[in-house]
Structures are given as structure tokens and as C-alpha cells.
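Today I am looking at how two chains meet, and then at one of them by itself.

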Amino acid sequence: MQLTLWTYEGPPHVGAMRIATSMRDVHYVLHAPQGDTYADLLFTMIERQDARPPVTYTTFQARDLGGDTANLVTTAVRDAFERFKPKALLVGESCTAELIQDQPGSLAQGMGIPVPVVPLELPAYSKKENWGAAETLYHLVKALLADRVPKPGTPRPARPEGRRPRANLLGPTVLGFRCRDDVREVTQLLGQLGIDVHVVAPLGASPDDVVRIPEADFNVDLYPEVSRTTAGWLQRAFGMPYTKTIPMGTGATRDFIAEVAQLAGVDAAPVLGRERPGVAGLASSQSRAPWYQRSVDSTYLTGKRVFIFADATHAIAAARIAAQEMGFTVVGLGTYSREFAREVREAARQYGVEALITDDYLEVEAAIAAATPELVLGTQMERHIAKRLGVACAVISVPIHVQDVPARYSPVYGFEGANVLFDTWVHPLVMGLEEHLLQMFREDFEFHDGAVPSHLAAVAPSAPAAGGAVSAPAGEAEGVRTLASVPQLQVTVAMPAVTDPAAAAAPAASAGPVPPVWTPEGEQELRKIPFFVRGKAKRNTEAYAAQHGIARIGVDTLYDAKAHFGR
Amino acid sequence: MTMKLPIVDADRVGDGDGSLQVHLDPSQKIEGALVIAVYGKGGIGKSTTSSNLSAAFSRLGKRVLQIGCDPKHDSTFTLTKQMVPTVIDILETVDFHAEELKVEDFVFPGYNGVQCVEAGGPPAGTGCGGYVVGQTVKLLKEHHLLEETDVVIFDVLGDVVCGGFAAPLQHAHYCLIVTANDFDSIFAMNRIVAAILAKSKNYKVRVGGVVANRSKDLDQVTKFNDAAGLKVLAHLPDNDAIRRSRLKKCTMFEMEPTPDVVAIQDEYLKLAQAMIDGVTPLPAKPLKDREIFDLLGFD
């Protein structure tokens, strides 16, 4: 455990709250001090829920600790049951209450409450929110289905003749990423194949719905961080298969259609037949994204450096879209979901980068700064980081801000989701920087190195960052920033050009081979290169110099490198 | 790390000799499954007994999990036919981020579907074996493995009396003590009984009975059992087939079914069936060291 100012995930009892709040007729009694009731605001403010979460807090105070806190639990459980009349009761404790060891779950189980009471043991000091949500859903589903599990080895009955195939959608929750709209999109997609959605859980489900889960033919594991544990158990206990593809992006949506068609035993051809992978044109897909990605106006997207950090599900899917559909270069891929670290590492290997698995946002910030991306796809925290670094950003995953819960229909799954992603990723990028326009307007008075993209004006550095003792010439701020991408890095990157190379090289000596330094002439020549490609030219030249053992980069090296890479 | 305070139950102020027993973290409690811990002097045949007992349970249609708690991690190799990596080895590969692990990383299928885990442990003379057993149980619980298991067998290390020795006692319903018909292993058994008795003040663990291993006669064992209130649940002769089964890396159930071998198989099956049917906990009472000498020492 590590002290931090901000975390990607809350404690596991917040995950349990997400499950309870997503459902109907479920109530959660949380043994927690008054202060822990702050979590209500996540639901009413960020998700804009119109009611408080169905959570009763025991709200013990300091003076209760000398007395009988266990009594507080039984009173709270009884009151909550009588007032809310839930069909299932979750009972657990927050991080603070875990320390006083009242075992509220066991207490409540012994009270003779006439509905299923599910005790939750969520170790707050070693586990996090998504795990807590997954564990809560698993225990709730398991408790509600306990007496319906067939004897091990019982073959699954075949679908009755004439009944349409059925699927459950597992995993959507409140405070997830666009779950509400994804459910609608995926339901529509399955409808095209003649597959009915039987139960959606936990979002909008009551305990009565959960009991109907085994009546479907298979499960769609829509958000594995929340639903994989449950989907796995339903497969072991009821022989229900579950999907492995996340339908995010055009390609993955097509793969998803093939997978569900196979699981449901229906023909995918009527739907997939209309999809023509690799063909340019509006008619090549139900989604407009494939054509938009290929249209001539999108040429500037090609090779854009993109850094992705999100929950594992959205990170892996976004990397595939970025690399295979948008034509971006993935320069960083990571997640805070340790449970799925393996899958993210696997994906990162495909794009030739090393996965960043961490829940420390400062580490993420450093990695983004070092990768000098042109676009960051991430969470609310990456939005802050990108803003600080002056890089474009789109949010693709929780944790989110209120603006990521839009009023309009805005899924990220399915064909419409692909459209939404195209728009939201492209808009933050500076449009209109096509080469021919740059040539035309090169000498324009409004178009110079110092000009900032209008949508990033707020973060345009008017002077070098406080820590940067570098005397960047006025009007060069934007140029230097593009070079280094981050004000903090001006010191290390720009210094060799203006100070004694030997002195500048000294601090870097401990970090392996000494990087090549730029001579003033080389630096001068570099500035002649238009700023939007200067970063790339600088990186290429430095790589070329390092490869050829050149310690000082002059004008010649710059052109040698250009010739080398231009071949 | 989860911090837990000890619960002190007023009715149970009997931790003995002024010591305060730290109670088991309830998140580590194993529910549902029948949990058996196999104890005995070093080299007496605990791993052989555990593996064959696991195999016997599986032959009776039970879902079995065997947890080897010895740092030398050879408990399950007759089941898996290999030296499987230990939980600690595997935790090291993920820098102790247990969340990254999947069940198949540390649970290996063995003979007749017996699930095998080697807890592993620190190098001899360092660290804490009890910590390793605790971590292993936590991991198995977190992956819901114990909820889908009927019988859990802990094969405990015999060489030392330490945390690694005591930790399985906190999870077990019954202890089986493996002994031979000789003074040394009976002497060790006596000390194990004392340890179980101390633990049973706070935990559900009870002495299940004695497995007389590698012995033709039972006279010495019987003499001790009568004095200490123990009972022989199974008697395995000193048969070369058992030794050969280990060399062949297999359980007794995979050996050529000669009459000898079948008799041994039946003995393990009988023991397994008895444990399923329910063993009456024995009111065991350890003898003082001097008493054992007087009882068995010099005849």
C-alpha cells in the first residue's frame, strides 16, 4: 500500500455500491463511519442519478467504539429491511469498519431476515473498486442461484425448437464507461442476428431477473473487470459459455458478431455480409468510421503518436482501433487493472511497446511525457495530465468526470460506438495541418512556431516553466514545447543546445549511454524544420546519431539522418 | 496489507501460559470443504500418505485439493508427475502483485483430477513458512477455488515446529498423524498432539487419528495410543510397492494391481471413506516426555 493523493479506483466497498445502485430491489447495509457517506455523491453528481444510492450506513462515531458497534449493525440491518423491503440484502463494511472486526455479514446472516442476505468480505487494504464490484456481483448471483445449480456433469439442455436464442448482458453498471448506451447498442446488434437479450445485469436488474440468468443460452461478458468472475462461475456451474470479444471498434464489432452467432447457433452472414473489411466507401460497413478513417481528409491522422492508459478492457480495444483502424502509432499502452495485466502486456507486445501496469498517476504522467505522444487516450486523470503537458486527449475509460456522462446517446461499443470514437478521438487533434496547407500558409503572420492551437490556448506557456532555467527565445516557447512536449523536460532536453555539452551530459551519465548533444548549428538548422514535424525529425536524428556513435549532432548529421530515413 | 486486531472472547480466555493467541483472519476461513492436515515426523511418509489419500478421495468422486506446505515442494509430484513451481515462485514472477495471477498459474491438475498446489517457502533457516501457507490459502480463497472443492488436504512439513507447522492447524477440521511403530516417530507424534491441543482452544481443529505407516506390527503405537487416547485409522505395511510408486512418480492407484497393491489401495480408500462419513474427534491428551520414556523407551 502506498499513500497517494488520487487513485484510479476507489476502495472495494465502492465497487459493491456500484452493483447495489445499478440494481433494483437490492439494498446494501454498509458498516461505516459518517465520513464514508461521501461516496453517495459519486452517483448523484458524476452519474447524475436522480436518487441516493440504496445504501444504509451504520455511521458509527468515535464514542460508539467504546460500546457495542455490533448492535449498531443489527439495528441498521433491521431498519433498512423494514423501510426499503429489498428482495436481497448485501451486508459489508468499509475500510474503516474493517478494523473493528464486527463481522457485519455474519451478524446479519444470523438475524433471520426473510430475504437472501449476502455477506461481503472485501479486504479494503489489498483490493480495489473493480474487484469489489466483481466480487459483489459474483456472490449475489451465486447466492440467488444457489438452489438452482445442477449436479456437476449435468449436460446443458438444448434450446427448445422454435425459441429464439437468448443472451444475457453481464457487467454494465452505473459509474462505468457509457454502459447505459453500450447496452442499447449491443442489444440492437444482437437483435439484427435474431438473438434476444434475456437479462441485463447488474444494470437495471432485480433479484428476480438474476434468477432468470440460466434460462439464456449464453452470456455476453461486456465489462470483464466487473463480470468475468460471474461469467466464469456461470460457465462452470451451468455450462453457459460467455463471449471473449469486446465489440469496441469496427473490426472488433465484426469479430463479436461472428462470435455470438457461433455461440447462438445462428447465421452471421446476413449481418456480416454487408460488412466489407478493407474496402473504402460509405457502404462498406454499418459504421461510417471505416470510410471516415480512409477519406483524404484523414491523411493527417496517419502515424500520429498515441498513448493509451485506461482500464484493461478499454485500453486493449482502443489500442486495436488506434493501430488498425485509425492508422495511429501506439507509443504507450497501460492499465491500472492489475487483474488483467497479462492481457494488456500481451497486447502491448503486439504494438512493440512495454505495457505500463501501475496505479500511480505520477508514473503515468512521466511515461506520457517521455513518450511525447500527440494524442492521449485515457481516464479523467490522463485528461489532467495531457492538459498539463499541452497534448490532445480523449477519455475512453473510468474514472470519469461528469462531462463523460453525456445526455445524448453516445455508446463506444458496436458500429455506432465506432462512429463516436472516431469523432471523440479526432476532434482534440489539431485539424487542417495537412502538408499542402502548411506549405501555402508557411509565411502567414498568424502561422508561426509560437502560435498555439486555439483550443489549447489556456495552457500555452507564456514563459518557460518555473523550474526551467532555460532562456528560450521569445516566440520559441511553442517550438521548444513541441520539441520536448513537456515544459518540465526543457531542462534536460534543451540544455545541451545552450550550455556546455560536457556539463549537460554529466547528469545523464548515470542513466546508461550518453545521449548525443546538438551543436548550436545543428539546433539552428533543426528550427528551420516546420514545428509539427520537428519532434519527429529530432527523434530520428538522435536515434541515427546514437546508432552511428555520433556524440555531437551538427548540420551534417541532421541531413545524413534525413537521407538515411528518407531511403 | 489487511490489519486485523485479535478478537478476545471472554468465554475463551484460555490461551494458556499467559500467551495471547492471534486469531485467524476471518477472510482466510475455509468454508464448505472438509479440511484435513497430515502431520508426522520428517521422512515418515506424509507426502506419500497425503497423495494416496487425495487419490483415494478422488476415486470416491470427491473434488480434492492437495496443498503441499513444505519448502522442498515435493508433496504432489506423484500426482502431477513433476515438480511444480511453488506459489512463492509464482508470486515472485509478478512482483507479489497477487491480483495478476490466475488459478492455472499455481494450481496444477494431477491424477484423476486432484488439484495440486505447492505453497513453497523461504530458504531453510530464513523467513516464515506460516506466512507462505497463509498467503496460499488467501490466494485460493480469492480465486473461489475452495468453494468448488469437497476435500482439502494440507501436507505439512515435518522437520520443524514453526509457523509453517502451525498455520494449517488454523484451517483444518481434522489432523491425521503419520507414524511408524518406533520410538522416534511416536515421540514426534506426542509433540504434535500437544500442538493440536493448544490450537484447538481457539480453532475447530481436532485430532482425527493415527495412520500407522511402514510398519508390520502396531504394538508400540497401540501402547502409546491407549495412554494418550488416540486411535489407528489406517495401517499401511512396510511394502516395497509404496517405495517403488514414488520412484515411478505415481500413486498406488496407478501401480500394477497385485494383491499387495490392491490391499494398500483399499486401506487408503477405507480411510478416505471413514473421513467422509465423519470421524469422531479423539479426546487426545499428550504424555509428558518422561512418561513416554517410561512407556516405550527401554523395552
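This is a predicted model: local features need pLDDT of at least 70, side-chain atom pairs count only at pLDDT 80 or more; totals for chains, interfaces and linings use all residues.

I started with charge pairs and counted 7 salt bridges between chain B and chain A.

I picked out one pair to look at by name. A:Arg342 forms a salt bridge with B:Asp105, and their closest N and O atoms lie 2.4 Å apart. The cut-off for a salt bridge is 4 Å, so this pair qualifies.

Next I checked which kinds of residue chain B brings to chain A.

I then ran the polar contacts. The rule gives 11 residue pairs in polar contact across the interface of chain B and chain A, with both residues at pLDDT 80 or more.

How many residues are in contact here? I get 19 residues of chain B in contact with 24 residues of chain A.

On to area. About 2,100 Å² is buried between chain B and chain A, and carbon and sulfur atoms give 41% of that. In chain B, the residues that lose the most area to chain A are B:Glu99, B:Glu100 and B:His144, together 28% of what that side buries.

I noted 24 helices and 14 strands in chain A. Chain A has 567 residues, and 55% of them count as buried.

Taking contacts in chain A between residues at least 6 apart in sequence, 70% join residues at least 24 apart.

How values were computed:
Residues are numbered from 1 along each chain as its sequence is written. Chains are lettered from A and ligands numbered from 1 in the order in which they are written. Side-chain values use heavy atoms; hydrogens and water are left out. Contact means heavy atoms within 4.5 Å. Buried area is the accessible area (1.4 Å probe) that two parts lose on being put together, summed over both. A salt bridge is a side-chain nitrogen of Lys or Arg within 4 Å of a carboxyl oxygen of Asp or Glu. A polar contact is a pair of N or O atoms within 3.5 Å; within protein, one must be able to donate a hydrogen and the other to accept it, and residues adjacent in sequence count only if both atoms are side-chain atoms. Helices (H or I, at least four residues) and strands (E, at least two) are DSSP runs, numbered from the N terminus. Buried means under 20% relative accessible area, exposed over 50%, partly exposed in between (1.4 Å probe, protein chains only).
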